[in-house]
Amino acid sequence: MPWLARFMLLGALAPGRPATAPMSLVVATARGEARIPVRTDGTTGPMVAAPALLAALGGKAEVVDAWADVEIARQNFRLVLGAPYYSVGAGLKPLVGSAVVKRDTLFLPLQFVTNVIPAELKDRYRYIASAGRLEDRAAPPTGTTAAAGAPRNPKRLPNGLNKGYVVAVDPGHGGVDPGNPGIYFPRGLTESDVTLQVGLLVREELLNRGVGVVMTRTTDTLIDIRQRASYCSDRCNLFVSIHVNSLPRRPGFNKVRGFETYFLADAKTEDAARVAKMENEAVRFDQSPGAEPGGGLDFILKDLQLNEYLRESGRLAELIQSHLGEVHSGPDKGVKQAGLWVLTTARRPAVLVEMGFSTNPEDAKVMSDARSQRNLAGSIADAVVSYLLEYQRRVSPDAETRTVGGRE
Ligand SMILES: [Zn+2]
């Protein structure tokens with residue numbers, strides 16, 4: 001029996017155990033509110049990435065031998081790695097799930113947040129199950145004065161961002177251009193359907209974080225590839241294009257999986273050149289006159305040697321990769337560079353995210369499952385907020401900076 005079916009059966013048989021875990025949690029403290037994605041993959045129960053949780057709570061964690069040592073509000077917790085137990089002081093107490101380390105990231109079972117923290121630190125934290133919200137009882141209600149008693153900067157959001165940032169979200173392809181056929185997507189979904197679904201969720205997640213959004217499309221329609229980045233004009237800070245990778249059928253093609261983020265430059269590897277060729281093919285659907293592919297792109301790339309946004313785009317790409325790594329079960333294929341038409345008209349930092357391969361069954365599930373789509377969107381939004389916080393600190397280093405991460 002597949003794992004998921006077994007899990008659902010167990011869920012149905014075990015009374016009192018929720019059949020589904022929340023897709024994300026909100027952690028509300030004096031430093032603001034943070035949304036933490038809840039990850040569930042094929043081998044474990046619901047988990048949260050320790051770095052995201054502890055950044056929000058201002059705690060820390062260390063993996064020592066077979067233990068994860070976690071410190072929150074000066075309280076030490078020890079979780080056994082790979083077995084469902086924890087201890088506070090002496091003796092082991094049971095958990096439903098285990099702490100695990102996956103690709104260098106420590107994950108804690110969801111129950112640690114929903115039950116253990118509120119039980120062991122009950123004077124400090126409470127968990128509101130109906131809202132999926134862990135609250136620091138000491139935190140002032142949103143919109144009142146900050147913890148230090150200083151008046152809150154009215155231009156600043158609880159997550160530390162200034163108000164007024166705008167991000168252009170570009171769901172790739174659409175209309176007569178379905179993108180890649182998505183051979184492992186269910187119900188005949190294509191790349192253009194999945195990029196739109198995730199893109200709309202990214203909009204929602206960004207709006208939740210107080211960031212304004214411009215969409216290049218909100219329906220199944222085609223936007224010229226060379227016009228897309230122009231949606232990010234004067235009042236826009238970043239451009240994020242969302243896509244799905246695929247490989248041509250050849251031996252082993254459906255084993256390749258993982259996520260990668262591109263920014264505009266000459267392709268450095270054969271694989272990056274393949275992605276550029278694949279995504280640039282959409283130029284044949286363009287309705288408006290413009291330079292032909294080939295010479296025009298070379299010209300633009302030369303111009304880009306001077307583009308002040310290249311390094312910024314590279315940093316945004318890094319942050320997207322690291323946040324996606326907290327929710328994606330496939331490998332982090334890293335930050336890549338390629339000559340991508342869709343990014344050429346951007347006059348702002350601009351990246352293209354390949355969320356995974358539709359030609360791999362596991363990746364296809366990560367990108368088409370509703371809960372997982374929400375996690376992908378939340379992590380892209382988190383990366384955008386991290387980037388904007390860094391940007392904000394650089395442009396106004398003297399201003400009060402309240403970071404989500406806390407300890408720096
Ligand atoms: Zn695409």
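## Helix H10 and the largest nonpolar core

In this predicted model, the largest nonpolar core has 62 residues, and the members touching the most others are Val167, Val240, Ile320, Leu340, Val351, Ile380 and Val384. Helix H10 (residues 370–395) puts in the largest share, 10 residues. A nonpolar core here is a set of buried Ala, Val, Leu, Ile, Met, Phe, Trp, Tyr and Cys residues joined through C-beta atoms within 7 Å. Buried means 20 or more other C-beta atoms within 10 Å of the residue's own (12 or fewer is exposed, in between is partly exposed), with C-beta atoms placed from the backbone. Helices are DSSP runs of H or I with at least four residues, numbered from the N terminus.

A second, separate core has 36 residues, with Ile36, Ala99, Tyr125 and Leu134 among them.

A word on ground rules. Residue numbers start from 1 along each chain as its sequence is written. As the model is predicted, local features need pLDDT of at least 70 and side-chain atom pairs count only at pLDDT 80 or more, while totals for chains, interfaces and linings use all residues.

Back to Val240: beyond its neighbours within four places in sequence, Val240 is in contact with Val167, Val169, Asp170, Val351, Val353 and Ile380. Contact means C-beta atoms, placed from the backbone, within 7 Å.

Axes are lines fitted to C-alpha atoms, for helices over the stretch in contact, with angles from 0 to 180 degrees between N-to-C directions.

| Helix pair | Axes come within | Crossing angle |
|---|---|---|
| H7 (residues 309–324) and H10 | 8 Å | roughly 140° |
| H4 (residues 191–208) and H10 | 8 Å | roughly 50° |

The angle makes H7 oblique to H10. On the H7 side, the contact uses Arg315, Leu316, Leu319, Ile320, His323 and Leu324, and H10 brings Leu376, Ser379, Ile380, Asp382, Ala383, Ser386 and Tyr387. H4 is likewise oblique to H10. Oblique is whatever remains once angles under 35 degrees (roughly parallel), over 145 (roughly antiparallel) and 65 to 115 (roughly perpendicular) are taken out.

In the H4 contact, Gln197, Val198, Leu201, Val202, Glu205 and Leu206 meet Gln373, Arg374, Leu376, Ala377, Gly378, Ile380, Ala381 and Val384 of H10.

One more residue in H7 is Glu312. Glu312 is buried, because 20 other C-beta atoms lie within 10 Å. Glu312 and Tyr387 sit 75 residues apart in sequence, yet their C-alpha atoms are 8.9 Å apart in space.

Methods. Helices (H or I, at least four residues) and strands (E, at least two) are DSSP runs, numbered from the N terminus. Two residues are in contact if their C-beta atoms, placed from the backbone, lie within 7 Å.
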